[in-house]
Amino acid sequence: MRIVRNGYKFLFLFAAFVVLGIGTTLLGEVPSLAVAAAWIGVAVTPLVVVVAIRVFRVPEEDIVSPRPLWRMTGRPTAGFVLGSVLALNIIATVWIEIYGRTIGASDYSTIDGPGGLPVLIVDLLVSAVIAVLYFRSSIRLNREGSPAAGAAPVG
């Protein structure tokens with residue numbers, strides 16, 4: 001299965017994050033499962049990213065053969081945007097954790113939530129790894145030509 005249309009890509013991601021959000025929220029309401037819910041949230045995000053990478057295609061890509069493992073997006077710009085969004089999210093999270101407490105914005109603190117500091121650190125590391133992979137993929141796509149050199153357009 002390959003998803004080429006942007007609307008279907010959006011629906012896939014929306015559904016994945018709604019299911020993840022509802023699932024972790026419901027589990028988080030049960031005190032004995034709150035930490036498990038936090039770890040599930042950290043573990044499922046890379047799974048959603050991997051599925052999206054393998055399934056999403058741009059119209060110019062070959063939809064039959066598998067995408068090379070290094071390739072995260074169909075076009076370099078998409079990888080730079082996604083990597084930048086993840087990097088900004090990391091910066092904002094660290095900023096809020098460090099400076100949010102001094103200005104009374106502790107409601108946004110992740111450290112005080114389920115799982116605490118270990119979940120926050122793993123979440124930031126996972127986001128950093130995914131961001132680096134998006135940047136590396138886009139740099140390589142820029143070098144080799146984008147979106148899919150030599151592939152026949154679909155449709």
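Q: A helix is a DSSP run of H or I with at least four residues, a strand is a run of E with at least two, and both are numbered from the N terminus. How many helices and strands are there in the protein chain?
A: The protein chain has four helices and zero strands. Read from the N terminus, the order is α-α-α-α.

Q: What kind of model is this, and which pLDDT values do local features and side-chain atom pairs need?
A: This is a predicted model, in which local features need pLDDT of at least 70 and side-chain atom pairs need 80 or more, while totals for chains, interfaces and linings use all residues. Side-chain values use heavy atoms, without hydrogens and water, and residues are numbered from 1 along each chain as its sequence is written.

Q: Why is Ser 127 called buried?
A: Buried means under 20% relative accessible area, exposed means over 50%, and partly exposed lies in between (1.4 Å probe, protein chains only). Ser 127 has 9% relative accessibility, so Ser 127 counts as buried. Its place is in helix 4.

Q: What does Ser 127 contact, leaving aside its neighbours within four places in sequence?
A: Contact means heavy atoms within 4.5 Å. Ser 127 is in contact with Leu 86 and Ile 90, those neighbours aside.

Q: Why is Val 4 called partly exposed?
A: Val 4 has 22% relative accessibility, so it counts as partly exposed. Val 4 sits in the segment before helix 1 (6–28).

Q: Which residues does Val 4 touch, not counting residues up to four places away in sequence?
A: Val 4 touches Lys 9, Arg 57, Val 58, Pro 59 and Ile 63, with those residues not counted. Pro 59 is 55 residues from Val 4 in sequence, and their C-alpha atoms are 6.1 Å apart.

Q: Why is Asp 62 called partly exposed?
A: Its relative accessibility is 33%, so Asp 62 counts as partly exposed. Asp 62 is in the loop between helix 2 and helix 3 (76–99). Arg 2 is 60 residues away along the chain, with 9.9 Å between the C-alpha atoms.

Q: Why is Arg 67 called buried?
A: Arg 67 has a relative accessible area of 6%, so it is buried. Arg 67 is found in the loop between helix 2 and helix 3. Not counting residues up to four places away in sequence, Arg 67 touches residues including Ile 53, Phe 56, Glu 61 and Met 72. Arg 54 lies 13 residues from Arg 67 in sequence, at 6.7 Å from C-alpha to C-alpha.

Q: What makes Arg 71 count as buried?
A: Arg 71 has 8% relative accessibility, so it counts as buried. Arg 71 also lies in the loop between helix 2 and helix 3. Between Arg 71 and Arg 140 there are 69 residues of sequence separation and 8.3 Å in space, C-alpha to C-alpha.

Q: Which residues make up the largest nonpolar core?
A: A nonpolar core is a set of buried Ala, Val, Leu, Ile, Met, Phe, Trp, Tyr and Cys residues joined through side-chain atoms within 4.5 Å. Here the largest one has seven residues: Val 49, Ile 53, Met 72, Leu 86, Ile 130, Ala 131 and Tyr 134. Helix 4 gives the largest share, three residues. Val 49 is in contact with Ile 130 and Tyr 134, leaving aside neighbours within four places in sequence.

Q: How many of the contacts with a separation of 6 or more join residues 24 or more positions apart?
A: Such pairs account for 68% of those contacts in the protein chain.

Q: What makes up the lining of the second largest pocket, by class?
A: Nonpolar means Ala, Val, Leu, Ile, Met, Phe, Trp, Tyr, Cys and Pro; charged means Asp, Glu, Lys and Arg; the others, Gly among them, are polar. The lining has ten nonpolar, one polar and four charged residues. Helix 4 gives the most to this lining, with seven residues.

Q: What share of the 155 residues of the protein chain counts as buried?
A: The buried share is 30% of the 155 residues.
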